[in-house]
Amino acid sequence: MGDNVIYSMKNITKKFPGVTALDSVSMDIQRGEILAIVGENGAGKSTLMNILSGSYESTEGTLEYNGKTVDHMDPIMAQKMGIAMIHQELSLSNALSIAENIFLGRLPKNAWGMINTQKMYEDSRALLKEVGLEHIDPRTLVRDINVSQQQQVEIAKALSLDAKLLILDEPTSSLTPKEADILHEIMFQLQKKGITMLYISHKLDEIIKISNRIAVFRDGQLITILQTEATKIDDMVSAMVGREYAGGFARDNYKTEYSEDDVVLEVENLCVGNKVKNVSFKLYRGELLGIAGLVGSGRSEILQAVFGADKRQSGTIKIKGKTVPMNYTTEAIANKMALVPEGRKLQSLFLKFSVEQNISIVFLKKALNKLRLNLGKKERVIAENYVDKLKIKTPGIEQKIVNLSGGNQQKAVIARWLVDRPDILFLDEPTQGIDVGAKNEIYDIISELSKEGTSIIMVSSEMQENINLCDRIITLYEGSVTGEIMHKEFSEEGLMSYMSQAKEA
Ligand SMILES: Nc1ncnc2c1ncn2[C@@H]1O[C@H](COP(=O)(O)OP(=O)(O)OP(=O)(O)O)[C@@H](O)[C@H]1O
Ligand SMILES: [Mg+2]
């Protein structure tokens, strides 16, 4: 093995009960490269990263790091070897300062054994500079910086541990395009310093932009390694899904006729903290309405507040012409409304449950209200139906959600609400972390629902998703509505311009 290989895997297999997550994977990671890892939800990407960083042990196979066989791996070993993994769910302590987080567990001490805060701040400043955060004071609490900055702090922490191999598992799934650009710039700088990086993402344009090579996984197997410069997105997708990829998505029934008799939801003068300012809109029967805006523009807050999950300062909410107090989510559910929150936020709530329980939880609530407890069989049929329809990759519906891959957890959450067939459905980032193929399956289901008369509001950071799916879009800028655009007038530039500036007076 040449010096140019930092980490080498031979025949790595990982079996979980009922699942072969990795099937005899052999691959060399070149020193100093950015190697992208792509594949459909459940292909085995995160599992492999967890093995490389010592969180999981492989069932079979061998690892060689810098030419030496690794007999045993655990997270502490990995840290000593210079391997750092930035997980999707960031692991910083909110209540501690940036500097304390970076040096957690190894605070610098002076000759008397006292913590040398002076040195800790100095070192932190130098590290923050390396990740583009020189303008931030290391004494700032982590809870006071945004997600993108928290991620940069995680990278600073990895650098302080002298990481040589940095693993990033879907780091940009909750970043704005601008923030993602900043992260990519930092990655290029790290690469110049000789740091090797493994990068997982479902955003394929990013992969083309930043990687040197692309390893494609399918069903636990390494299918091929592509040289990025000779690769087009379509080639990558075909390798991922194992067939020709049909490409984009369009509905066949955009709504063009609007009648005031069809208004199912009317929101007037909604204010939520300082995030949502006097927002009014109507939602029509069978309509797919998009609320578009930059991250932080108040999109999710509108959904949460109308659903009774967040407190609002003012605003009237009418359902089919009748004012509803809507102070609790139970009122929303009683009015046949459903909300699929942004995936990552919700996950922690449901991780304890099995796939079956998750899918049928709304159903169950209803059943319990009627004091009929023995619905086991019916639930099971519904759950199985959705596992099928959404192609949720699981050995069975008894599997715990926590054991599913990130994207499949998200699908289970969507299925969970569909069971109850809501009249009004709110979807917040419905395809975050979902692979290209499965996205189309979710689009199909969404458009199917609207055909059947369900009225839907969707919030998505993917412009193409908004354009392909929505009948109408209202745009937000810093909590205020700046525009309303019908499907036939959609254009990426037009929407962007409404989303990025205040309305002219
Ligand atoms: N702890 C576990 N117990 C049981 N099965 C697991 C466990 N971790 C992962 N799996 C299974 O292994 C397979 C691969 O999962 P993995 O998380 O590696 O997928 P992934 O490629 O990262 O997908 P995604 O893009 O959705 O994040 C999946 O079928 C998953 O359900
Ligand atoms: Mg994953």
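**View 1. Helix α1 in the shell around ligand 1.** With three residues, α1 gives the most to the shell around ligand 1 in this predicted model, where helices are DSSP runs of H or I of at least four residues and strands are E runs of at least two, numbered from the N terminus. Two or more residues come from each of β2 (19–30), α1 (45–52) and α15 (406–418). The shell comprises 20 residues, the closest being Gly 42, Lys 45, Thr 47, Ser 405 and Gly 407, and a residue belongs to it if one of its heavy atoms lies within 4 Å of the ligand.

**View 2. Polar side chains facing ligand 1.** Oxygen atoms of ligand 1 lie 2.5 Å from a side-chain N or O atom of Thr 47, 2.7 Å from a polar side-chain atom of Lys 45 and 3.0 Å from one of Asn 41; a polar contact is a pair of N or O atoms within 3.5 Å. Of the 640 Å² that ligand 1 exposes when taken alone, the protein buries 91% (Shrake-Rupley method, 1.4 Å probe).

**View 3. Ligand 1 between two domains.** Because domain 1 (5–241) and domain 3 (343–421) both give residues to the shell, ligand 1 lies between them; the domain bounds come from an automatic or database assignment.

**View 4. Burial of α1.** Seven of the eight residues of α1 are buried, among them Lys 45 and Thr 47, where buried means under 20% relative accessible area (1.4 Å probe, protein chains only). Just after α1, Gly 54 takes a positive phi of about 85°.

**Notes.** Residues are numbered from 1 along each chain as its sequence is written, and chains are lettered from A and ligands numbered from 1 in the order in which they are written. In this predicted model local features need pLDDT of at least 70, side-chain atom pairs count only at pLDDT 80 or more, and totals for chains, interfaces and linings use all residues, while side-chain values use heavy atoms, with hydrogens and water left out.

Key. Polar contact = N/O pair within 3.5 Å; in protein donor to acceptor, adjacent residues only side chain to side chain. Buried < 20%, exposed > 50% of the residue type's maximum accessible area, 1.4 Å probe, protein only.
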